[in-house]
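Good morning, and thank you for coming. Please look at the model on the screen while I take you through some of its features.

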Amino acid sequence: MANTKAGKIVDKKDLIDVDQLTDAYYNNKPDINIEEQKVVFGTSGHRGSSFKNSFNETHIFAIAQALSDYRKQNNIDGTLYIAKDTHALSTPAQLSALRVFVANGIECAIAEHNGYTPTPVLSFTVIEANKTSDKLCDGVVITPSHNPPEDGGFKYNAINGGPADTDVTSIIESKANEYIANNLEGVKTIDENTAINSVIKFDFITPYVKALDEIVDMKLLQESDLKVGVDPLGGSGIEVYKKINEIYGLGLDIVNDRVDKTFSFMSCDHDGKVRMDCSSPYAMTSLVSLKDKYDLAFANDPDFDRHGIVTKTGLMNPNHYLSVAIWYLFQNREGWNKDLKIGKTLVSSSMIDRVAESIGKEIFEVPVGFKWFVDGMIKGYLGFGGEESAGASYLRKDGSVWSTDKDGIIMNLLAYEITAKLKKDPSEIYKELENQFGVAYYERSDAAASSEQKAKLKKLSPSDITSKTLAGEEITGIFTNAPGNDQAIGGLKVVTKNGWFAARPSGTEDIYKIYAESFVSTEHLATIQNEAKEIVLSVIK
């Protein structure tokens with residue numbers, strides 16, 4: 001059940017104290033013997049809070065030196081582009097990182113006017129820079145994404161513009177923890193003023209916005225009379241939307257252009273916490289309340305890699321919008337190669353599979369994490385890559401790569417294009433897909449599991465599963481490796497004709513996550529969920 005605070009504006013007494021948070025960042029030191037205080041690169045980099053000693057200056061000094069070492073060892077000697085979002089710890093962390101990078105002789109570029117840079121804009125910038133630079137360029141994004149205001153995050157984007165793979169991040173993680181264990185011996189730093197005065201102040205936003213007509217039909221949007229509202233949720237892309245209005249004259253109504261490090265304007269999420277999740281109906285209460293004022297509205301999380309689409313019927317389920325976007329793009333991009341595949345994570349809705357079959361396109365199913373789409377988008381065999389958590393990107397009109405990280409901006413503008421061109425919004429189109437392919441009942445739930453049980457779940461093989469049926473249907477597939485790229489999924493997926501479930505251990509809590517879907521009924525979905533727990537427990541207990 002949702003918390004009593006869910007959907008309500010955060011109470012003043014629950015706001016973070018930015019000064020205390022910042023003091024803790026500079027003054028607290030992690031204990032390398034405590035697992036939760038080590039550097040850990042998950043699917044989206046290292047994340048933590050200075051209040052919990054999991055994101056302090058010590059972490060950033062160590063990570064930055066480890067990354068500097070990695071760049072030197074791999075002859076990456078071009079510009080390091082550094083983005084940050086509007087979380088309170090992002091600016092201190094950027095400054096700390098610069099003190100190390102500049103001390104290591106790395107040419108760094110940050111946003112001009114001490115501004116903010118969205119994740120997709122950073123990815124776009126790295127890709128564009130490497131088209132002309134005779135030296136290899138890469139990037140850093142300092143963001144914990146949609147996490148609460150007290151959190152910080154640090155992510156490395158490689159020379160392909162996308163999230164670095166585990167073979168890279170594991171090296172950086174290990175070396176960073178080694179530096180922390182040795183009291184930062186070997187970490188080079190210089191003073192703050194020298195660092196700031198040594199970096200390039202760069203306009204990330206204008207080139208990105210000017211190029212938008214290469215991926216979205218901006219002329220169609222200019223000619224449209226739709227009334228569109230935008231809520232950047234106090235994130236890093238407020239100036240992007242302002243620049244879009246300036247260059248294209250769209251007249252987007254930016255309903256909130258405040259940057260407030262406490263995020264005091266947010267509605268609480270399902271658990272009563274402040275979380276800038278643009279796919280949560282609770283966090284998005286304020287924008288959803290304006291649905292009758294606009295033909296279409298959209299939002300983004302603080303680093304703008306996620307999208308949230310609001311139509312006349314409310315906030316769209318991310319899986320629903322991914323299905324519509326795929327259905328539309330692969331039939332309205334004449335410059336795309338006919339053999340392009342559709343990238344989806346294995347926990348995304350099977351509605352996507354049914355849409356793909358109807359338009360004659362092949363699905364490329366991968367484990368959770370956008371990094372699995374990077375190679376396909378760079379090499380041009382994936383036209384689209386999307387995650388059930390409201391993150392996606394796609395190719396330019398001519399079939400060339402745009403970004404190799406999730407881009408919530410183009411996904412929002414695509415909803416605008418779809419509505420302007422087809423004279424119906426994405427929710428209406430999804431209803432038509434349901435009429436054609438059936439209603440998909442989808443839900444994510446959690447179940448308790450010890451550390452030992454989670455470790456077992458992560459190492460399962462299909463032969464461990466002896467069940468022949470799931471919710472009354474014959475099991476047609478059991479996967480511990482993704483069908484698209486044969487990479488380990490870190491869990492299990494079981495499929496039938498009209499349903500499936502996937503189970504994956506949580507990296508931070510004593511639970512495992514169950515993703516399940518039925519094309520029969522909510523009762524059938526509940527049966528799948530219950531039997532999923534029985535199947536998993538039978539092999540990990």
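I begin with aromatic rings: those of Phe, Tyr and Trp (for Trp, its six-membered ring) pair if their centres lie within 6.5 Å, and planes under 30 degrees apart count as stacked, over 60 as edge-to-face and the rest as tilted. By this rule, Tyr25, Tyr26 and Phe55 form one aromatic cluster.

Two remarks on the source are needed. This is a predicted model, in which local features need pLDDT of at least 70 and side-chain atom pairs count only at pLDDT 80 or more, while totals for chains, interfaces and linings use all residues. Residues are numbered from 1 along each chain as its sequence is written, and side-chain values use heavy atoms, with hydrogens and water left out.

To return to the rings, the count comes to 16 aromatic pairs. In one of them, the ring centres of Tyr25 and Phe55 are 6.2 Å apart and the planes stand at 35 degrees, so the pair is tilted. Helices (H or I, at least four residues) and strands (E, at least two) are DSSP runs numbered from the N terminus. Tyr25 belongs to helix 1 (residues 18-27) and Phe55 to the loop between strand 2 (45-49) and helix 2 (57-73), so this pair ties together parts 30 residues apart in sequence. Buried means under 20% relative accessible area, exposed over 50%, and partly exposed in between, with a 1.4 Å probe and protein chains only. Tyr25 is buried, at 0%, and Phe55 is buried, also at 0%.

Phe124 and Trp402 form another tilted pair, with 4.7 Å from centre to centre and 50 degrees between the planes. Phe124 is in helix 4 (residues 119-132) and Trp402 in the loop between strand 16 (391-394) and helix 14 (408-422), 278 residues away. Both Phe124 and Trp402 are buried.

Is Ser348 buried or exposed? With 0% relative accessibility, Ser348 counts as buried. It is found in the loop between strand 13 (341-345) and helix 12 (351-358). A polar contact is a pair of N or O atoms within 3.5 Å; within protein, one must be able to donate a hydrogen and the other to accept it, and residues adjacent in sequence count only if both atoms are side-chain atoms. The side chains of Ser348 and Thr345 are joined by such a contact of 2.7 Å. The Ser348 side chain also reaches the backbone nitrogen of Glu388 at 3.3 Å.

On a 1 Å grid over the protein atoms alone, a cavity is a set of points where a 1.4 Å probe fits but cannot get out, and lining residues have an atom within 4 Å of a point. Grid points are joined across faces, edges and corners, and a volume is the space filled by probe spheres set on the points. How many cavities of 30 Å³ or more does a search of the whole structure find? The search finds 2.

The largest cavity has a volume of about 70 Å³. Its lining includes Phe41, Lys155, Tyr156 and Lys371. Strand 1 (41-42), strand 6 (151-157) and helix 5 each give two or more residues to that lining.

The second largest cavity has a volume of about 40 Å³. Among the residues lining it are Cys278, His307, Met316 and Tyr321. Strand 11 (307-311) and helix 11 (318-332) each give two or more residues, and the largest share, 3 residues, comes from strand 11.

How values were computed. 1 Å grid on protein atoms, 1.4 Å probe; cavity = no way out; pocket = protein on both sides within 12 Å on 5 of 7 lines; lining within 4 Å.
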